Each structure stands twice: as C-alpha cells, then as structure tokens.
Amino acid sequence: MDDIFPFLPDSDVSSLATSERSVVMSDLSRSDDHQNGAPVANDGSKKGKGDNTAASTYFNERIAIPDSDSYPTFSFRKLWAFTGPGFLMSIAYLDPGNIESDLQSGAAAQFKLLWVLLGSTILGLLMQRLAARLGVVTGQHLAEICSKRYSKVPRLILWFMVEIAIIGSDMQEVIGTAIAFYLLSAGKIPLYAGVLITVADTFTFLLLDRYGLRKLEAFFCTLITIMAIMFGYEYIRVAPNQGKLLKGMFTPYCENCGSDELLQAVGIVGAIIMPHNIYLHSALVKSREVNREKREEIKEANKYFFIEAAIALFVSFIINVFVVAVFAEGFYGKNATDVYQNCLDNGNPHADVFNVTELDVDIYRGGVFLGCEFGNAAMYIWAVGILAAGQSSTMTGTYTGQFVMEGFLNLTWKRWQRVLLTRTIAICPTILIAIFSKMDDLTQLNDLLNVLMSLQLPFALLPILTFTSTSAVMAEFANGRIMRIIASCLTVVVVGINMYFVINYLQKLPDHWAVYLGVSLLITAYLIFVIYLSLYCMAVMGAKFVHRLPYIGRLFDTSTTFLMQNELEESSSGPQIQSEGDSQIYGAT
C-alpha cells in the first residue's frame, strides 16, 4: 500500500483500504469549487471567461442558490433557481424521433399503448434522477467519471459507442428539422437544403450562450412552449375521445394487439429512454452553485433537481400524449383511398404521398395527413411544432457531444473548435443521407436509427448504475440496497426490451452469408463489452464471485483503493477530510 500512497500517513492508508464510506475524494469536486461565488481553478485562482481547461464545463456562469437558512423545508424561489437543467434534459423526450414514435403508436394501436408511454416516462425519470445525483454529489459528469474509473481500452470503446448514439439521435433531429422546412415551404426547400440550414444552429448556439445561462434556458423553455401550443392546437382540433384516452393511459393491457402493436410498444420505450441524455443531465446540473463542503446543500440540490426533472418530464409527457391522441383519433382505421381523396379536395400540395395502396405514416406524412383532414393550417402548425422540436433537440445534442468529448478525451481545445468538431461529425452523414435518399425512405431510416440507439442503451445505463452504487464515488449518497435492486431490474428490463426491437429489425436484413458473418462478428464483440460492463457493475455492488472468475477476475479490481487511485495520482497532496461528529465535509479545502 505504501508504494501506491507514499504521501499518506499509515493511518490514512488503512482507512482507505478498509472503509469505502470514510472518504470522498477532493478531486471529485475540485473542478466545481467556488471562491466568492465565482469558479476557481485548481490553484484557487478565479477562472476567467476565456479559460478552456479540460476540467471546465461549457457553462462559464453558475446560478447562485438562495440561502438555505431562510427556507428550511421548501421554497418556490429555490425551485426556480434550480429550474433549467431538467427542462433542457426533457427536450430529448420531445425530439422528432419521439414524435414519430408517438404518432405511429396512435396510428397502429389507437390509445391502447398510452400506459407504455406513461411507464417509460416514469422509468426515464428514475434514470435521470441517478444522472443528476451523480453530477451534484461529485461535481463531475458521467463522461468524466467514466474516463477516470475505467481503464483505457474500455473507456475509448465506451466513448465511441456514446458518440454513435449522439450521431444517430442528431441525424433524426436534423432530418426532422429539414422536413419541417420542407412542409413550411410547400416543398420548395429540399431536404438537403434544410439540413444545411441547421448548420446555422452552431452559431446560434454560441450566440445565445454569450447572453447568459438563464437566457439560454429561457430560450429552450420557449421552444417547449411552442411545441405545447402547436401540438395542443392539433389535439383540440381533432377532439379525441377522453374516456378512451384515460382508459389507455391507466389500463396496462392491449386488447386484440398483435406483433405490430408489440413492436410499437417496444419502440416507445426505446425512443423515450435515450442513452446520451443520461450523460447530458449529469453535466447540466453542474450549472448550479452547490457547496459540496456542506452535506445539507447536496441533499437539498438532489431534492430540488428531482422535483424540477419530474415537472419537466410531466410537461413532455403531456405533449407526447397530444401527439398520440391526435393520430389515435384522426388516423386510426383510415384507408389510403379516402385520405388521398381528402388531400385532393383540400388542394394539399403534398397529396401524392398518399397515392398508394398501403397507408403508412411518419412525421412527414403525418403533417400532410393533418392538412388533408383538417385544413392546410393544421399542416403548417404541425410543421412549426416539428421545427421547434428539431431545433431544440439539435442544440441540446450539441451540448451532449461537447460534454462527452470533453470528458472522455480530456480535450483542451477552445470551445468553438469543439463545437465545430462535434457538429461536423453529426452533420456530414446527415447531409449525405439527405442528398441520396428520397422522402419515402425516411421511415426506414428512422427505424434503423432507433435500432442503433437501442444498442447503445447499456453504455449509459450500466455506467450510471455502477458509479451511483459505489460509496467510493458517492459516499453516503450511493444507492441503497433497495434502489440498487430497482435500478438493476429496470436496466435489465429496458435493455431486454430494446434487444427484442433490435432482433426484430435484424430479421429484415438481406439473406446473404456475408451479412450474417458481419452481423455475427459485431454482435459477438458487442456482447463481450456489455458483459464486461455488467461484471464491473456487479463487482462494484459487492458480487464477490466476479473476482474469483478464472483469468478475468483481475480485470474487475473495484476496491476503494483502485477506484480512487487515479484521483490520488493526479493530486499534489492527499485528500483533505474533515468531520463534524458523524457527518462528513465534501470537497476540497
């Protein structure tokens, strides 16, 4: 032990080796400590706005929280101070991919799958709670924690898989925005031009960021409000049956449902719980000024962030219900001939999309359908809602890409350079698809992207479960036994459901030996890495059999000493630990 911790007294070395709950590393909150209300660097000096260290986030401004002594139990003023990160996080529940999943579930199963949407949102809230707690307690986001806790090869693989999830999500968002432009311009702005227009989001993002964090959050909330108004108008215009809606929401049963409805239910879960959103939320909570030297402030921040996230996801759930209900009432049971005739009667410029024998729907055809059934105004209002969804989710996706790249790769580039790189990675494949694909191919593309993101779910759920369950990272705020069991079961259920979705999609691949060989190799590599992350998680939770596994047990050294070794090696002095009675003081001194 002395050769690992040469700068610590023997008593401290013994303490580290025998009790996980005895310490919290000073490095965990070092990047988030403040002096006189301003961010401070590791040497205690105040950071200027021009600083771009690897430890910094993209929020140079921190929101001050009202004094706890004035509000001992609950305060709306405090809730307002904490409000923002949860609403930015909730935008991922309202992106064009989710909107398309909503309308397809309504079109395929009417109101019968609303309970799946409700349950998925609740599951999402529980996972977002873990992400927020990790960021609040440690002062670091999930990508930073993964970078320090996993060894080099797993860390790079994990970063690569998360980047795939971000690119897949961003492609859905950018294409959704391009479709909105196409509808609003009556087809005059082609798909590829709409994609190019979204490149301006990068500069808009940078411009808004300079006006202050609260103004940026207000802008995103404005976009959510626009979605609520636009889709709410469609809901009122269609006037769905409220009795059937409530029955479908609270009755966990799907009468007379077959494989198509089951696949649609699986798609809802996959669209709601998005892997990169876990990384995003753990970073967004760092924008609030929390003194991690005070246990009560950490508890308070966890409480208010959970309340805010619950409110934000409730709003997103209502908007999703609007979309499901509109197509459950308006589209379910229709045939292509009648819809096409209505389009001709109303002079819809996109009427030819329904000149088919088999009726299908996506966010493009959904907008056209609303225009055919309820007047062209309904189509344009729908397009405005999709535009708000696409623009907002694209911008939050930019944030996610920056956080992930910053955390995993420890980049020290200037901020605009990192923004340009992350946007380029996502935009380039999207432009190619927009140029060489037809509008009719977008539904198949959306299915492929949903499968792609479903495959990435373990690479967010397993790390967040791992690191929120160890007291070496979370101290007394680590998940208790009951929460570990609940979170573990939910992780298994969500991953299992999405694997069913993936398997169903793989059955549609071309029947050729080369395809089977390539898919088999990829699946084998994928399963090996998922098993590694799962065993690592179980080892952290105390499963001793993992360490006894022949040949590979040594890969899972998750003792307190190992988990904190990187932190100690980077420190110039040992951890500063102070106690007051039975309580601990968190953070650097």
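Let's start with Arg295: with a relative accessible area of 26%, Arg295 is partly exposed. That label covers anything between buried, under 20% relative accessible area, and exposed, over 50%, using a 1.4 Å probe and protein chains only.

A word on the source: this is a predicted model, where local features need pLDDT of at least 70, side-chain atom pairs count only at pLDDT 80 or more, and totals for chains, interfaces and linings use all residues. Residues are numbered from 1 along each chain as its sequence is written, and side-chain values use heavy atoms, with hydrogens and water left out.

So, which residue does Arg295 meet in a salt bridge? Its partner is Glu476, at 2.5 Å from N to O. A salt bridge here is a side-chain nitrogen of Lys or Arg within 4 Å of a carboxyl oxygen of Asp or Glu. The two residues are 181 apart in the chain, with Arg295 in helix H15 and Glu476 in the loop between helices H22 and H23. Helices are DSSP runs (H or I, at least four residues), numbered from the N terminus. Glu476 is partly exposed too, at 31% relative accessibility.

Now look at Arg288 and Glu217, whose side chains form a salt bridge at 2.7 Å, N to O. Arg288 sits in the loop between H14 and H15 and Glu217 in helix H11, so this pair ties together parts 71 residues apart in sequence. Both Arg288 and Glu217 are buried. Along with Arg214, they are linked in a network of salt bridges.

Last one: Glu144 and Lys286 make a salt bridge, their closest N and O atoms 3.2 Å apart. Glu144 counts as buried at 8% relative accessibility, and Lys286 counts as buried at 1%.
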